[in-house]
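I opened this notebook to keep track of what I looked up, entry by entry.

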Amino acid sequence: MTAKSEANGDRFIVCTGCSGGAALVRALEGRVPIETTDCMNVCDQPVSLAVRAEGKAAYLFTGVDPDAPEEIEAFAKLYAEAPDGQIMDARPAGGLRFCLVGRIPA
């Protein structure tokens, strides 16, 4: 899973400026390629996660549960398999799909 995401250039960016961000980074280590940023400007709904890759739709999630890394890993699999990043059925990602703030077209 991680190797495929990395090979595709998929990026998973976690906001560590709010409480819970560091815990999410620790939970995702070894599951998906992680980057961090100090702020995503949605501080009223921590924890934030952005997913993006060149030529693919980008996603922004807020209110992400650091105790559910398997949901992000499931989303990563869907994202890696979607050539344009458009995920039409996110049910395998569990509760993460309800944290979606927006999808930005490629």
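This is a predicted model: local features need pLDDT of at least 70, side-chain atom pairs count only at pLDDT 80 or more; totals for chains, interfaces and linings use all residues.

Residues are numbered from 1 along each chain as its sequence is written, and side-chain values use heavy atoms, with hydrogens and water left out.

I looked up helix H2, residues 21-28, and found Gly21, Leu24, Val25 and Leu28 buried, where buried means under 20% relative accessible area with a 1.4 Å probe and protein chains only. Seen down the axis of H2, these buried residues fall within an arc of 100°, so they line one face of the helix; the arc is that of the directions from the helix axis to the C-beta atoms. Helices are DSSP runs of H or I with at least four residues, and strands are runs of E with at least two, numbered from the N terminus.

I then asked what the buried residues of H2 pack against. They pack against strand S1 (11-15), strand S2 (34-37) and helix H3 (69-81). After H2 comes Gly30, with a positive phi near 85°.

I turned to the strands, which pair if DSSP finds at least two bridges between them. S1 pairs with strand S3 (residues 49-52) in the antiparallel sense over four bridges, and Ile13 stands opposite Ala50 in S3. S3 is also joined to strand S4 (residues 58-61) by three bridges, again antiparallel, with Tyr59 in S4 as the bridge partner of Val51. Five residues lie between S3 and S4 in their hairpin, and Gly55 in the turn has a positive phi of about 80°.

Key: Buried means under 20% relative accessible area, exposed over 50%, partly exposed in between (1.4 Å probe, protein chains only). Contact means heavy atoms within 4.5 Å.
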